[in-house]
2 protein chains.
Amino acid sequence: MEKVRDLVREGKRVAKEDPRRVVHSFKVGLVLSLVSSFYYYQPLYDSFGVNAMWAVMTVVVVFEFSVGATLGKGLNRVAATLFAGALGIGAHHLASLSGSTGEPILLAIFVFIQAALSTFVRFFPRVKARYDYSLLIFILTFALISVSGFREEQVLVLTHKRISTVIIGGLSCVLISIFVCPVWAGQDLHSLLASNVEKLSFFLLEFGDKYCETVKDGDTKEVDKRKNDFDNYKSVLNSKSNEESLANFAKWEPGHGQFRFRHPWKQYLSIGGLIRQCAYRIDALNSYLNADIQVSIDIRKKLEEPFRRMSFESGKAMKEMSVSLTKMIKPSSSDLHVRNAQSACKSLTSLLHSGILKEVESQELISLLTAISLLIDIINLTENILESLHELASAARFKDKTESPIFAEKPNSKSIVCGWATKGQDDHVVTIVNDDCCNGNTSEKGNRSNKVLIHEKHEDCVHEKHEDDDAHVHSSCDSCGHTSLRVIVECR
Amino acid sequence: MEKVRDLVREGKRVAKEDPRRVVHSFKVGLVLSLVSSFYYYQPLYDSFGVNAMWAVMTVVVVFEFSVGATLGKGLNRVAATLFAGALGIGAHHLASLSGSTGEPILLAIFVFIQAALSTFVRFFPRVKARYDYSLLIFILTFALISVSGFREEQVLVLTHKRISTVIIGGLSCVLISIFVCPVWAGQDLHSLLASNVEKLSFFLLEFGDKYCETVKDGDTKEVDKRKNDFDNYKSVLNSKSNEESLANFAKWEPGHGQFRFRHPWKQYLSIGGLIRQCAYRIDALNSYLNADIQVSIDIRKKLEEPFRRMSFESGKAMKEMSVSLTKMIKPSSSDLHVRNAQSACKSLTSLLHSGILKEVESQELISLLTAISLLIDIINLTENILESLHELASAARFKDKTESPIFAEKPNSKSIVCGWATKGQDDHVVTIVNDDCCNGNTSEKGNRSNKVLIHEKHEDCVHEKHEDDDAHVHSSCDSCGHTSLRVIVECR
């Protein structure tokens, strides 16, 4: 009883984790009962007979979770069956020329050579990655066709029936998988990448605070608990094989949603690699959160401001990248955050230059400087990821943020709008005002820009300014010199 | 033409990389032509008819590279066929009770429910890991048997034939894979782990020298080239999925060679995880070899001795672990090397305490201390790996090194032997002498011990000493206090 209950609980968990799994199960059941009508319906049975079983087999074997995997397997199976069928007929014909004693010997030799050769070719890395299943079916069909030919006179009819049932089975799988609640491997890969970046961003956004807090509150249990909350990044460490198989499937998929047929899936793998590199550093950084040797509060206090900012700004850059991936818009403000993180780096190193480390114990020093150095590494990797993402964005034609202002609810003149200053509109005058509409998580609402900016905690200051062309240079407010800034655009 | 030549070259490379692949290909060809004799040989054909194709299919699908994978798939397939066959007959019987109109409808419903349920269960992580293939065959056989029953009267005979051909096909695969040049997944996993440890050891043995040399010779190109030589560790970073699948296969394998049936394969995965953790740190460390910011020669010179020793000794510990894994003997001297590395750590930190870092630039300081801290991390992880390896060694009953003295070429009394002081022999008197036979890569020759030891660069000193029981405590020479020691045993 207990076991059954466990099983049901596990089933609920599995279904909840991804409800598409339930749908997929129903789809398989549906296609299978559909295809088994070959047996029940007399006219169909008359033309195919027992060969109907190939349709059933094809469905069971070919129908995979994602469209790409199903298409890949289906096409592989059909192509391999066609090719092996033709070759099998040839082999049968050749063998039958040698008389009744020679025929089985010759057939056995053909089967041996073909099976050994194909099995060997399956070890080729490039073949293994994409055509492993083709070769399996190739070996199988060749053996079946050439050998059955020995018994059955009408080998052509047999081959024809096998091929057509395989095609029917494969086609029904492909059609159902595409048109009934499709699961796109490409979409999954895209989401996986976005969620991986988000996981890292979550760590980084929290890390700066936690690193300083661990000393503040002495309750280690509480700290431990919170630490577990952001251990999510660990799943990123081993995402490689998953990403690779998804990319492999995605290559088979036709255009869908925002993805064209030749979407640059390869670029996803290289971004994924960089993300993993970053995750390795984060894993190392994480070990400093509750290391045995803790840096004294004094020193942390002195370094707190730039240290937090480094972690927070790189986290924000990651967060924006994840949003940009999810929404398929070009990442715009991430550049700013990366630059902010880098400028925080500089203030930190100049702080260190000022000689505040003179009295620090050497073991503390090691621990502290390692954390700093890992953070610097992470910021550099963030920049690399961003670069790669820019490449992806242009290769995959991500939308420009400026094309669709998100907050332009009041586009009439003189009204205040949070939005994006569009380059083309020359008569824009941009005013920086005390903003009260953009104080949420700005990256998700998309109401940040690199153009004209106001410091976050600087709400009283109101400056007026003309938008200029090379707005990317602005990493600080012209009037007050603050570096972390927010934008409101007033259309006039 | 060029393409064909490329293909042949690729084939040669694949075959050279692992010659067992060629053997495997021949084995598949052999079994397949053997099984196809079902068609040629009249008495066999009389009893099985077209059902012989199931034997062919089973061979093509079940015969995998390693014994474990073949056994796993074969057993899965046979068990699933048996179970689904029985259930299919039941379903057919139940459906046939409802008359000729109700039968196809009921059958379709059965197939639908069974396929949907089984497909859903395949998503359970534990099922997916081990029984995915079983369920595939279960769905297939159930559908085929229950639906064919609609047309064929003798459903029992059909089922019986299918099951027996599947068993024959599966059995011939299993027998050939076990008795003709077997490829054991367990052995492969074991070797993979040993080679992964060795890759890390290679990095660590070289790293200390390289870190100091990069400054000494200015020729960056040369340094770059040598750097590539020891980038081997990178393959360790993504070995997880490979290790997991090998461990999965290994569980199916019977005892072979030095591995019993219930060999602790799980422990391999946990050691593998630690090794990967270590590899992540090494990856981070590697980036400091040719970083933009280089630590000045002065500072490096001052820290060189303990720094090199940390890297070298942890590398040696790894190397010995790899040898111990390969030879399946208990790791003995690794403990000593880990302790040496730890004592080097202590001398390094006390050097840092002495205040030699006062004048160092902050960016240099970050770079230097991070490298040191990563190295400390690696030493700690080395200790963890060693602990895990000790657990494995006792769970898998690795041999004791003392049982098989490797260098006891002259076991007669009064002669000098490099070897292992055996605990049982009470009349041993151990003399430390100037050794000239043990100056190669000692770990591979197995001529190191924790027992009585002499410092490596201390060849003039000759002490006489009785072996004592708790020799593991010796981390330094009693007479001169040196810590890195070498042993020669003189039997009297």
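This is a predicted model: local features need pLDDT of at least 70, side-chain atom pairs count only at pLDDT 80 or more; totals for chains, interfaces and linings use all residues.
Let us start where the chains meet. The size of an interface is often given as the accessible area lost when the parts come together. Here the area buried between chain A and chain B is about 7,000 Å², and carbon and sulfur atoms give 72% of that area. On the chain A side, the three residues that supply more than any other three are A:Tyr40, A:Phe123 and A:Arg151, with 11% of the area that chain A buries against chain B.

Charged pairs cross this interface too: the count between chain A and chain B is 2 salt bridges. One of them is formed by A:Arg281 and B:Asp283, with N and O 3.9 Å apart. B:Asp283 sits in helix α14 (residues 265-286) of chain B and A:Arg281 in helix α14 (residues 265-286) of chain A, so this pair joins two chains. Both B:Asp283 and A:Arg281 are buried.

Helix α1 covers residues 2-17, and its 16 residues reach 22 Å from the first C-alpha to the last, close to the 22 Å expected at 1.5 Å a residue. Its buried residues are A:Glu10, A:Gly11, A:Val14 and A:Ala15. Looking down the axis of α1(A), you will find these buried residues within an arc of 135°, so they line one face of the helix. What do the buried residues of α1(A) pack against? Their partners are α2 (20-35) of chain A, along with α7 (99-121) and α8 (125-148) of chain B.

It is worth looking at helix α2 in chain B next. The buried residues of α2(B) include B:Arg21, B:His24, B:Val28, B:Leu32 and B:Val35. In chain A, the buried residues of α2(B) pack against α7 (99-121) and α8 (125-148). Within chain B, they pack against α1 (2-17), α3 (37-40), α5 (52-62) and α9 (155-179).

Back to charges, this time within chain A. Side chains of opposite charge can pair when their charged atoms come close. Over all chains, the structure holds 36 salt bridges. A:Arg21 pairs with A:Glu17, their closest N and O atoms being 3.5 Å apart. A:Arg21 is buried at 16% relative accessibility, whereas A:Glu17 is exposed at 52%. Another salt bridge links A:Asp188 and A:Arg20, at 3.1 Å from N to O. A:Asp188 lies in helix α10 (residues 185-216) of chain A and A:Arg20 in helix α2 of chain A, so the pair ties together parts that are 168 residues apart in sequence. A:Arg20 itself is partly exposed, at 30% relative accessible area.

How many disulfides are there over all chains? The search finds 0. In chain A, the cysteine sulfur closest to that of A:Cys345 is in A:Cys278, 13 Å away and too far for a bond. A:Cys345 counts as buried, at 12% relative accessibility. In chain B, B:Cys278 is in no disulfide, its nearest cysteine sulfur being that of B:Cys345 at 13 Å. B:Cys278 is buried, with a relative accessible area of 0%.

B:Cys181 is not a glycine, yet it has a positive phi of about 40°. B:Cys181 lies in the loop between α9 and α10 (185-216) of chain B and is partly exposed at 46% relative accessibility. B:Arg397, also not a glycine, has a positive phi of about 50°. B:Arg397 belongs to the loop between α17 (362-395) and β1 (416-417) of chain B, where it is exposed at 62%.

In helix α10 of chain B you will find B:Ala185, which is buried with a relative accessible area of 0%. Beyond its neighbours within four places in sequence, B:Ala185 is in contact with B:Ser66, B:Leu246, B:Phe249, B:Ala250 and B:Glu253. B:Ala185 and B:Lys251 are 66 residues apart in sequence, and their C-alpha atoms are 8.9 Å apart in space.

Notes:
Residues are numbered from 1 along each chain as its sequence is written. Chains are lettered from A and ligands numbered from 1 in the order in which they are written. Side-chain values use heavy atoms; hydrogens and water are left out. Helices (H or I, at least four residues) and strands (E, at least two) are DSSP runs, numbered from the N terminus. The expected span of a helix is 1.5 Å times one less than its number of residues. Buried means under 20% relative accessible area, exposed over 50%, partly exposed in between (1.4 Å probe, protein chains only). The arc is that of the directions from the helix axis to the C-beta atoms. Contact means heavy atoms within 4.5 Å. A disulfide is a pair of cysteine sulfur atoms within 2.5 Å. Buried area is the accessible area (1.4 Å probe) that two parts lose on being put together, summed over both. A salt bridge is a side-chain nitrogen of Lys or Arg within 4 Å of a carboxyl oxygen of Asp or Glu.
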